[in-house]
Amino acid sequence: MPSLTDPWTLAAVEIPNRVTLAPLAGIGNWFVRLQARRHGAGLVVSEMVSSYGVHYGNERTCTELLRIHPEEHPMAIQLFGSDPAVMASAAERVAEAGADIIDLNMGCPVPKVCKTGAGAALLRDHDLAVELAKAARRGSGLPVTVKLRTGLKPGDEDGFALAHRLVEDAGVAGLAIHPRHASQQHKGTPDYALAARLVDELPVPITISGGLHDAATIRDVFDQTGAAAVMLARGSLGNPWLFAQALGLREDEPATGEIVDELQWVMDQAEDHMGSERAGRYLRKFYPWYVARLGGGKAFQDTLQRAEGIDEARSALARFAVPMPA
Ligand SMILES: Cc1cc2nc3c(=O)[nH]c(=O)nc-3n(C[C@H](O)[C@H](O)[C@H](O)COP(=O)(O)O)c2cc1C
C-alpha cells in the first residue's frame, strides 16, 4: 500500500508525494501555490481560469492568472469552458506559460459557470466534455486531467459514466473526484465509498478531494479509498502547515511567530503580484484565516480589513506581534 510520502507520476510528470493543493477560485494564484509547495505539497493546481479569457487575451487573465513561479513546479493550470476550439487555443497558451499539466473543471456548480455549459454542466454533456479534453490535449501537448463530481443531484451517477469516457475516449492522464453532488456545493459529508469505486474501476491515478481538513482524516481517506493522491482545499486556507502534517513532517501546530512570519510572507508576495493598494484589498479574505489562528481579536481584524494598503496592514501585524508597552 503506497504512503502519502511516496512519489508518483501523472503521464510523464513526476510528482514527489501524494498531497496536493486543490484549485481554489479567487485564491489559488502563484504565491498561494508556492506557499503550499514550500510546506511540502507535491503538486499544486491553479484557481480555475476561463479558457475564453485566455483565448481572447484578457490582460488580467493572461498576466495574473497565468503567472507561474519558477519554484512551484510541478503545477497544473485549471481551465474551464465549453467551446473545444477556444479550449485548444487556451491550452496552447497555458503550455507556453510553462504549466506542466492542464486540469479541466467539470465540477463547478456556480450558476454563472454552468449556464455557459461549463463546469458541472458537463456532467450531463459527455460528448462535449470528451471533445474539450481532446482539444486541451491537442492544443497543449501536455497531460490533461479533469476534476469532476459524482453527479449533479443526489442519486445521479453521471460523473461515473463521464469519468470512464474521459479516460477511454479522451485519454486523460488522471482524474480528481470531489464526491459530493453539485447541488450540495461544498456542504455535507463526501461519499468516499463512491470515490473508492472509481479508483477500482479506472486505470488512471485518481485524486480525492473533499473534507480533508486534518492529518488523521487525510491519511484515513487515502487508505480507505486507495486513491493515488489527496487534494487539500478549505483545510489549507491560512493553514499551509497542513501539508507538512499530512506528510508526517510535523505534528505540532505553528507557534505565533511562525504564523506572523507566514502572513508577512503572504503580504510581501501579494504586493509583488498586484501592488500595495490592490493587495491590501485582495488580502481581506485571507486575514480572517490567519487572525483566527493567531487568536487575534476583533479590533486586530477590523484594522486589517480597513487597511488602505499593504504597509498599513504590515504595521497592524507588527503591533500585534510586538505589542506597544502600556
Ligand atoms: C473558495 C473555493 C473555491 C473553489 N474553487 C474551485 C475551482 O476553481 N476549481 C475547482 O475545481 N474546485 C474549486 N473548489 C472546490 C475545491 O477544490 C474542493 O474540491 C472542495 O472545496 C472540497 O474540498 P474541501 O471539503 O476539503 O474544501 C473551490 C472550493 C472553495 C471552497
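How many nonpolar, polar and charged residues does the shell around the ligand have? By class, that shell has eight nonpolar, nine polar and three charged residues. Here Ala, Val, Leu, Ile, Met, Phe, Trp, Tyr, Cys and Pro count as nonpolar, Asp, Glu, Lys and Arg as charged, and the others, Gly among them, as polar. The ligand is surrounded by 20 residues, and the closest are Ala22, Pro23, Met48, Ala233 and Arg234. A residue is near a molecule or strand if its C-beta atom, placed from the backbone, lies within 6 Å of it.

A word on the ground rules before going further. This is a predicted model, in which local features need pLDDT of at least 70, side-chain atom pairs count only at pLDDT 80 or more, and totals for chains, interfaces and linings use all residues. Residue numbers start from 1 along each chain, following the sequence as written.

**Domains**

The protein is divided into domain 1 (8-246) and domain 2 (256-321), with bounds that come from an automatic or database domain assignment. Taken over C-alpha atoms, the centres of domain 1 and domain 2 are 29 Å apart. Their contact takes eight residues from domain 1 and nine residues from domain 2, where two residues are in contact if their C-beta atoms, placed from the backbone, lie within 7 Å. On the side of domain 1 that touches domain 2, the residues divide into three nonpolar, four polar and one charged.

**Helix pairs**

Two packed helices are described by the angle between their axes and the distance between the axes. Axes are lines fitted to C-alpha atoms, for helices over the stretch in contact, and angles run from 0 to 180 degrees between N-to-C directions. Helices (H or I, at least four residues) and strands (E, at least two) are DSSP runs, numbered from the N terminus.

| Helix pair | Axis angle | Axis distance |
|---|---|---|
| Helix 11 (residues 256-282) and helix 12 | about 165 degrees | 10 Å |
| Helix 12 (residues 287-294) and helix 13 (residues 298-306) | roughly 155 degrees | within 10 Å |
| Helix 6 (residues 126-140) and helix 7 (residues 158-168) | roughly 35 degrees | within 10 Å |

Let's begin with helix 11 and helix 12, which pack at an angle of about 165 degrees. That angle makes helix 11 roughly antiparallel to helix 12, a label for angles over 145 degrees. The crossing of helix 11 and helix 12 is left-handed, meaning that the near helix is turned anticlockwise from the far one by less than a right angle, while clockwise gives a right-handed crossing. Thr256, Ile259 and Leu263 of helix 11 meet Tyr290, Arg293 and Leu294 of helix 12.

Helix 12 and helix 13 cross at roughly 155 degrees, so helix 12 is roughly antiparallel to helix 13. Helix 12 passes helix 13 in a right-handed crossing. Tyr287, Pro288 and Val291 of helix 12 make the contact with Phe300, Gln301, Leu304 and Gln305 of helix 13. These residues divide into five nonpolar, two polar and no charged.

Helix 6 and helix 7 also have a right-handed crossing. The contact is made by His126, Ala129, Val130 and Ala133 of helix 6 and Ala161, Leu162, Arg165 and Leu166 of helix 7. It has six nonpolar, one polar and one charged residues.

**Backbone details**

Most residues other than glycine have a negative phi, and most peptide bonds are trans. Alanine 11, although not a glycine, has a positive phi of about 50 degrees. Alanine 11 lies in the loop between strand 1 (8-10) and strand 2 (13-15). The peptide bond from histidine 73 to proline 74 is cis, with omega near 0 degrees, and proline 74 lies in the loop between helix 3 (59-65) and strand 5 (75-80).

Key:
Angles under 35 degrees count as roughly parallel, over 145 as roughly antiparallel, 65 to 115 as roughly perpendicular and the rest as oblique.
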